[in-house]
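Please look over the notes below with the sequence and the structure open beside them.

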Amino acid sequence: MHATTAIVTGTPGKARPRGGMTKKRPVDWLLLALVVVGAVLVIAPFYLVLVNSFKSPVDYATSGPLALPESLDFGGIIKFWERVNFPEKVWNSILIAGVVSVLAVVISMLNAFAIGIGRIRGRSWIVLLFLMANLLPQEALLYPLYFMFKSVGLYDNVWAVIIVFTVIQAAFGTYLLSSVYGTFPKEILEAASLDGASRWQILWRVVFPISRPTLSVLLIFFFIWTWNEFLIPLTFLASNANQTVPVAISVLQGDRLMDVTTTSASALLGIIPTLIFFLIFQRTLTRGITAGAVK
């Protein structure tokens with residue numbers, strides 16, 4: 001028996017596990033347990049929001065936050081929808097996040113093309129400045145920006161928030177794309193230049209198509225990051241008609257003292273638009289990340 005095993009496996013006295021599978025080590029089981037615990041911690045808040053959004057206040061008081069609702073109650077959703085004029089807040093958030101993401105990607109691409117491919121002087125210091133701009137806390141920017149927007153008449157205007165977030169997101173995008181464009185194949189650029197292409201044509205006909213997956217990933221992240229921003233929209237959008245979804249949720253909670261079910265409904269309605277956006281562009285995001293990984 002041992003001789004037969006040695007012939008099959010090539011190792012005296014040791015049989016190869018069936019299917020080529022190796023035995024799980026204790027470390028593997030520990031990592032698996034940690035992953036499961038982490039997944040539960042991530043899913044738990046979403047479960048609480050989803051379950052309590054469809055409960056009545058009486059149902060919540062009797063069954064608690066963890067139990068499933070005895071019957072679906074849309075009172076909390078309707079109450080929040082009517083109080084804050086939710087479609088208006090969604091439009092404000094879509095407008096701000098959409099314009100910021102597009103402008104930030106375009107500006108990042110232009111800056112990174114000049115820094116990474118144009119090889120301007122002081123490239124390393126300029127990239128360092130963009131990195132430092134991302135490290136500045138938003139609280140330090142509030143008073144100077146408030147004074148500036150008051151002076152030019154942009155306070156309580158969505159364009160004030162659009163300008164601020166475009167600069168912030170473009171600083172990060174420039175820092176990221178500069179390193180990507182710095183490794184761009186020189187042979188392609190030299191071939192395009194020999195064919196008579198100008199720098200503008202090289203940017204839009206050569207660099208842009210090749211880097212489109214990376215730009216798509218930046219666009220998606222810029223949209224989601226801007227959508228979830230709270231402090232700057234709260235500071236510069238004072239009127240109710242200009243507020244975004246996160247600001248409307250927080251202001252209503254402090255002003256009207258909503259019950260738990262209405263608060264959960266507001267959180268659910270705030271999550272749904274970004275979830276839909278993510279599901280629509282999920283394939284684009286996956287392709288962008290995969291393209292960057294196998295480049």
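1. In this predicted model, the axes of α4 and α14 come within 8 Å of each other and cross at roughly 70°. Because angles from 65 to 115 degrees count as roughly perpendicular, α4 is described as roughly perpendicular to α14. The contact between them is made on the α4 side by G76, I77, K79, F80 and W81, and on the α14 side by T262, A265, S266 and L269. As for handedness, α4 passes α14 in a right-handed crossing.

2. The residues of α2 that are buried are V49, V51, N52 and S53.

3. How far does α2 reach from its first C-alpha to its last? This helix, which runs over residues 26-53 and has 28 residues, reaches 41 Å, close to the 40 Å expected at 1.5 Å a residue. Even so, α2 bends by about 30° at I43, and a proline, P45, follows within four residues of that position.

4. Turning to the chain as a whole, there are 15 helices and zero strands. Of its 295 residues, 33% are buried. Among the contacts in the chain with a separation of 6 or more, 71% are accounted for by residues 24 or more positions apart.

Conventions
Residues numbered from 1 in each chain as written. Predicted model: local features only at pLDDT ≥ 70, side-chain atom pairs only at ≥ 80, totals over all residues. Heavy atoms only, no water. Helix = DSSP H or I, 4+ residues; strand = E, 2+ residues; numbered from the N terminus. Expected span 1.5 Å × (residues − 1). Bend = angle between axes of the 7 residues up to and from the residue. Buried < 20%, exposed > 50% of the residue type's maximum accessible area, 1.4 Å probe, protein only. Axes fitted to C-alpha atoms, helices over the stretch in contact; angles between N-to-C directions. Parallel < 35°, antiparallel > 145°, perpendicular 65-115°, else oblique. Left-handed = near helix turned anticlockwise from the far one by under 90°. Contact = heavy atoms within 4.5 Å.
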